[in-house]
Structures are given as structure tokens and as C-alpha cells.
Amino acid sequence: MDLLHSQLAALQQKLSFVATDPIDWKFYVQAFSWGVTLFESYLLLRQYPLYSKTSPPEVLANHFDAEAFTKSQNYGKDKAKFSLVTGLFKQALDSAMLHYGLYAFAWDMGGRTIAYFGYGSEYEILQSLAFAIVLFVISSIPSIPLSAYQTFVLEEKHGFNKTTPTLFVTDLLKSWAIGFVIGMPFLAAFLYVFGWAGDRFVPWLMAFLLAFQIIMVIVYPTVIQPLFNKLSPLKEGELRTRTESLATKLKFPLKHLYEIDGSKRSSHSNAYFFGLPWSKHIVIFDTLIKESKPDEVEAVLAHELGHWYYMHPTKLLCVSQVHIFTILAMFPAFLHAPQFLRAFDFSEAVSARPPTIVAFLLFQMILSPLEAVIGIALNFLSRQFEWEADRFACEIQERLSAPEMKDMGERLSRALITLHVKNLSTLWVDWLYSAYHHSHPTLTERLKALQAFQAKMDSAAKKEL
């Protein structure tokens with residue numbers, strides 16, 4: 001542990017310029033954030049012309065009729081327009097909040113709020129909670145009309161919306177309530193651990209955040225999600241039999257098999273699993289069950305179980321820990337730099353003892369370009385995991401010595417095509433846009449890879465004969 005702290009201290013020495021050099025941090029945050037937003041807008045402009053193509057990629061030509069392809073293109077075009085406008089609007093809003101000192105205003109409002117109840121500035125955690133609430137209200141209200149437009153205009157236009165105005169408002173209030181019930185104690189505990197551990201906070205906060213992530217793995221599907229969707233045991237039948245048989249053969253620790261009423265809000269489809277290493281749960285959207293045959297849903301689940309088999313969630317968790325460690329290791333240099341907060345219009349009194357939550361929030365803004373690059377790297381890693389899970393589904397017959405599963409790759413291909421047709425997913429995708437935004441390979445890429453996997457297996461089988 002001492003070696004770790006000595007290395008962290010050495011890093012702080014290298015970052016000492018943060019506290020000594022006269023740097024216009026507000027300008028850099030503005031430049032960085034606008035740079036990221038304009039780059040994302042550029043990517044949308046690269047992608048947009050592809051929505052004018054009149055026929056699907058050659059590998060998909062036999063699977064998409066003219067009507068389905070046209071609907072997909074129109075949906076993609078409308079989503080791109082919406083993303084472009086909302087991206088620029090939100091950035092303009094964030095930029096205005098920075099320019100006019102709304103973060104300093106929110107901190108002062110938080111102080112006045114707790115002062116009304118008889119608490120002073122020495123109660124930093126309490127003021128931080130009030131600051132978070134004020135900032136949440138300021139930033140959330142302008143986004144409500146955008147969310148309503150997306151739900152009741154964009155999604156409605158293309159036949160996906162199932163949400164009623166009452167359900168929309170109810171979901172909004174539920175999400176705010178959950179954010180308050182979970183977010184406030186989390187933030188208070190985060191700041192408490194930070195203050196308690198002092199300069200040696202990094203390993204303690206890492207342990208706290210890891211514990212929180214593990215707790216949320218349990219709490220979200222069992223407590224939070226049921227507030228929005230109904231999870232019912234999957235009915236007896238071919239799909240349940242296939243799923244339980246597949247899980248048993250792979251020694252997947254299946255505890256519960258659920259059907260979720262995703263159609264309550266949208267006609268989009270999906271399937272996933274969650275849980276602790278010794279107790280897993282599989283959730284299948286009712287829309288997927290309705291739109292695909294049982295053997296195709298089984299292929300989708302074989303892909304999902306491929307993620308479990310190769311421990312992809314665990315690997316991503318480890319990568320996230322490295323990411324969090326890097327951020328926390330650099331943070332003290334900004335926390336102990338009064339002029340850093342002064343650049344964002346905070347008073348000398350506040351800047352002399354920078355509040356942890358404020359310094360951390362502004363520090364994350366500094367990291368926005370780095371986070372964009374890290375996002376691309378994580379997408380690349382995620383796509384590699386998707387290839388691996390697809391290959392697992394194709395090779396499952398060999399792993400289980402189950403010849404009845406030899407067409408699993410073909411079934412997965414049909415299921416993916418059905419999902420893309422029903423979800424009106426984009427078929428023509430710019431490579432740079434995909435690298436930045438997509439955690440999954442495109443449908444064209446996946447179908448070609450599945451065909452290659454299947455051809456390789458067929459060739460190997462012929463050689464054995």
C-alpha cells in the first residue's frame with residue numbers, strides 16, 4: 001500500500017502545475033466540450049448521406065424488402081436530425097451554465113438552503129447534496145421537452161411508442177424519486193469516504209465504488225426495474241424448455257427465467273442476463289418472443305451465454321476499475337488548486353477550500369476529450385466480445401456434442417435480421433461513426449462473420465470425414 005501511495009504522490013508532483021500555472025480552465029473546458037460536440041456533429045453529417053441510399057447492402061438484399069428498407073432509412077434519418085439538434089442544444093445549455101457561473105450559483109444556493117435549516121458551510125456533505133439537487137433541477141427541466149418529443153413525435157411517427165402521457169409523467173417522477181433515494185445516500189457516502197480517508201482516498205474509494213456496483217447488480221433488476229416493467233416467469237412451452245436445456249448443458253447457474261413486458265413502452269426487442277456468479281437470471285422481451293421463433297430466440301440466448309462463458313461482464317468490470325483508478329489518481333492535483341475553482345467564478349472563500357463535489361465535477365469536464373477517446377477504445381473492446389459471443393453460438397454444437405445445434409449460426413443470423421427489421425435498425429453505417437458510437441458490430445459485419453464461422457466449421461467437419 002505504501003508503494004501505491006508513493007507512486008500516487010509522484011504523480012501529483014508531475015501535476016503540480018495545476019496549482020501554480022495561470023491557466024484559463026474555463027476556456028479549456030468550453031473548448032474541449034465544444035470540440036467533442038462538433039466532432040460528434042461531424043460524425044452525424046458523415047452518416048446522414050447514407051440514409052439516402054435506395055437499396056440495402058448486398059449481403060442483406062434478400063432479407064429486406066423495399067418497404068422495410070425505406071422505413072429503416074427514414075427512421076435513421078429522423079433520429080440523426082434529432083441527435084444533431086439535441087446534441088448542439090445540450091452543449092449550448094452546458095456552455096451557458098459555465099459562462100454565466102451557474103455552478104458557483106448552485107453552490108451558493110445550496111449553502112443558503114441548508115442555512116435556512118440552521119446548518120453552516122462546515123457541513124460540506126449536506127451542502128453538496130443541496131448543490132446536486134439545485135444543479136439537477138437547472139439541467140433537467142430543459143431536457144423534458146426533448147424527451148417528450150422523442151417519445152411522442154419521433155418514436156410515435158415510426159410506430160415504436162407505446163407510452164401514454166400519464167405513463168411518461170409517471171416514469172419521469174419515478175426516475176427522479178429513484179435518483180434521490182439512491183443518488184443522495186451514494187453521494188453522501190462517497191464524500192464521507194473521501195473525507196475520512198484523506199490523501200489516501202484512492203484505494204478506499206475504489207473499494208466503495210466496486211461494492212456499490214455489485215450492490216446495484218442485485219438492486220436494479222430486483223427493486224428498480226419492477227417499478228417500470230413487469231417481470232413474469234416465462235410460460236411453460238418450447239422456448240422455456242429450450243432455454244433451460246441450454247443453460248443446463250452449459251452449466252449456466254440459471255435461477256429464474258423471466259419475460260418482461262417491454263411492449264408496454266416500446267416495440268423494440270432484446271434479451272439479457274444478470275445476477276451474481278452463482279445465481280443468474282435471464283430476461284426476454286415479450287416483443288422478441290412474439291417476433292421470433294423459439295429456436296431463433298434460443299440462438300440469441302446462446303450468444304448471450306457466450307458473454308457469460310468468456311466472462312465478458314467481469315472483464316469489462318476490471319477495465320472500468322482501471323479507468324476509475326486513473327481518474328481518481330489524477331484528481332487530487334485539481335482538488336488542491338484554489339485557482340482551478342476561481343476560473344469558474346467561485347469566490348475566494350470557496351476556492352480556498354475547494355468542495356470535493358465541485359472540484360470533481362469540474363475535473364470531469366476537463367477530461368471530456370480523454371473520455372471520448374476512451375469511449376472509442378471501450379467500443380472496440382465490446383465489439384471484440386460480440387464477435388466472440390457470436391462465434392460461441394456457432395461452435396456450441398461442438399462444445400456440447402449436440403448435432404441438433406449445428407444450425408445455431410444460421411438461427412442467430414435469422415434472429416438478428418428479424419431484430420433489425422422490427423427495430424428499423426440502420427443498415428448502412430459509416431465506419432468512423434460506428435467506431436465512435438457503436439458497442440456492437442453492424443448487422444452486415446456480423447452476418448459475414450457468422451457465415452465465415454459456419455464455413456470454417458463445415459470445412460473442418462469435411463476434413464474429419
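Let's start with Q91, which sits in helix 4, covering residues 66-99; helices here are DSSP runs of H or I with at least four residues, strands are E runs of at least two, and both are numbered from the N terminus. This is a predicted model, where local features need pLDDT of at least 70, side-chain atom pairs count only at pLDDT 80 or more, and totals for chains, interfaces and linings use all residues. Residues are numbered from 1 along each chain as its sequence is written, and side-chain values use heavy atoms, leaving out hydrogens and water.

Q91 counts as buried because its relative accessibility is 7% (buried is under 20% relative accessible area, exposed over 50%, partly exposed in between, with a 1.4 Å probe and protein chains only). Setting aside neighbours within four places in sequence, Q91 touches S33, W34 and T37, with contact meaning heavy atoms within 4.5 Å.

Four of them form an open sheet in the order 1-2-4-3, with mixed pairing; two strands pair if DSSP finds at least two bridges between them. Strand 1 (231-233) and strand 3 (271-276) are the edges, each pairing on one side only. From one strand to the next, the twist averages 35°.

Strand 2 (residues 254-260) and strand 4 (residues 279-285) run parallel, joined by six bridges. I260 stands opposite F285 of strand 4.

## Helices across the sheet

Helix 10 (residues 238-250) lies across strands 1, 2 and 4, at about 150° to strand 2. Axes are lines fitted to C-alpha atoms, for helices over the stretch in contact, and angles run from 0 to 180 degrees between N-to-C directions.

Helix 12 (residues 294-309) lies across strand 3 and strand 4, running at about 35° to strand 3.
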